[in-house]
Amino acid sequence: NIPPIPPYIFRPQHYTQLISLASATNFLPDVVGRMYLIQGSDLYNHNTNTKIIIGLRLDRSKVVRLTIWDNEAANFRELNRISTRKNQIVIVTSIIPRLYEGKLSLTTTPGSRFYFDNDIDIIQRFQKRNKLSS
């Protein structure tokens with residue numbers, strides 16, 4: 001008898017935690033933030049997998065660059081196409097934090113997933129903490 005796979009538990013990291021993880025090679029953290037800028041070509045065509053760059057606000061004052069590559073870019077395009085997000089709050093799992101010229105940047109991995117559901121507790125807490133309506 002095989003036990004069921006437990007549900008995924010989101011463990012988003014704060015900005016300062018991501019800075020300290022930027023040199024780690026054994027941990028792929030999650031992050032929650034508000035998308036305020038999306039750059040890329042053909043953003044609603046899920047058959048395209050060219051990179052996408054997102055400005056992701058982690059709190060009221062910290063904004064980071066999130067680069068989405070390859071199949072994850074195609075997956076993001078599909079979610080972006082079908083989504084009706086009001087505040088554009090997203091959870092991104094399994095990202096790579098890096099420091100470049102003293103600035104934090106995030107990159108997706110093949111294991112990265114995107115969650116836009118406003119019913120997820122972590123998204124609701126982010127909205128309350130940052131005074132965003134749901």
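Which residues does Thr48 touch, not counting those up to four places away in sequence? The answer is Asp42, Ala73, Ala74 and Arg77, where a contact means heavy atoms within 4.5 Å. Thr48 is found in the loop between strand S1 (31-39) and strand S2 (52-57). Is Thr48 buried or exposed? Thr48 is buried, with a relative accessible area of 15%; buried means under 20% relative accessible area, exposed over 50%, and partly exposed in between, using a 1.4 Å probe and protein chains only.

A word on the ground rules. This is a predicted model, in which local features need pLDDT of at least 70 and side-chain atom pairs count only at pLDDT 80 or more, while totals for chains, interfaces and linings use all residues. Residues are numbered from 1 along each chain as its sequence is written, and side-chain values use heavy atoms, with hydrogens and water left out.

**The overall picture**

The protein chain has 3 helices and 7 strands, and along the sequence they follow the pattern α-β-β-β-α-β-β-β-β-α. Helices (H or I, at least four residues) and strands (E, at least two) are DSSP runs, numbered from the N terminus. The C-alpha atoms fill a box of roughly 50 × 35 × 35 Å, taken along the principal axes. For 134 residues, a compact globule would have a radius of gyration near 14 Å, and the 15 Å of this chain agrees with that. That radius is taken over C-alpha atoms, and the globule rule is 2.2 Å times the number of residues to the power 0.38. Of the 134 residues, 40% count as buried. Among contacts with a separation of 6 or more, 59% come from residues 24 or more positions apart.

**The sheet**

Two strands count as paired if DSSP finds at least two bridges between them. In general, strands of a sheet pair through backbone hydrogen bonds, either parallel or antiparallel. S1 and strand S4 (residues 89-92) run antiparallel and are joined by 4 bridges. Within that pairing, Arg34 has Ile89 in S4 as its bridge partner.

Over in strand S3 (residues 63-68) you'll find Val64, which is buried with a relative accessible area of 3%. Leaving out residues up to four places away in sequence, Val64 touches Tyr15, Ile54, Gly55, Leu56, Leu58, Leu104 and Leu106. Take Leu104 from that list: Val64 and Leu104 are 40 residues apart in sequence, yet 6.2 Å apart in space, C-alpha to C-alpha.

**Rings**

The structure holds 3 aromatic pairs. Rings of Phe, Tyr and Trp (its six-membered ring) pair if their centres lie within 6.5 Å; planes under 30 degrees apart count as stacked, over 60 as edge-to-face and the rest as tilted. One of the pairs is Phe76 with Phe114, edge-to-face at 5.4 Å centre to centre and 70 degrees between the planes. This pair links distant parts of the chain, with Phe76 in helix H2 (residues 70-82) and Phe114 in strand S7, 38 residues apart. Phe76 counts as buried at 0% relative accessibility, and Phe114 counts as buried at 8%. Ring pairs also bring in Phe116, giving a cluster of Phe76, Phe114 and Phe116.

Elsewhere, a charge meets a ring: the charged end of Arg57 sits over the ring of Tyr36, 5.3 Å from its centre. The cut-off here is NZ of Lys or CZ of Arg within 6 Å of the ring centre and within 35 degrees of the ring normal.

**Salt bridges**

How many salt bridges does the structure hold? There are 2, a salt bridge being a side-chain nitrogen of Lys or Arg within 4 Å of a carboxyl oxygen of Asp or Glu.

| Salt bridge | Closest N and O atoms |
|---|---|
| Arg81 and Glu78 | 2.8 Å |
| Asp121 and Arg125 | 3.3 Å |

Arg81 and Glu78 both lie in helix H2, 3 residues apart, about one turn of the helix. Arg81 is partly exposed at 41% relative accessibility, and Glu78 is partly exposed at 24%. Asp121 and Arg125 both lie in helix H3 (residues 121-129), 4 residues apart, again about one turn of the helix. Asp121 is partly exposed with a relative accessible area of 44%, and Arg125 is partly exposed with 45%.
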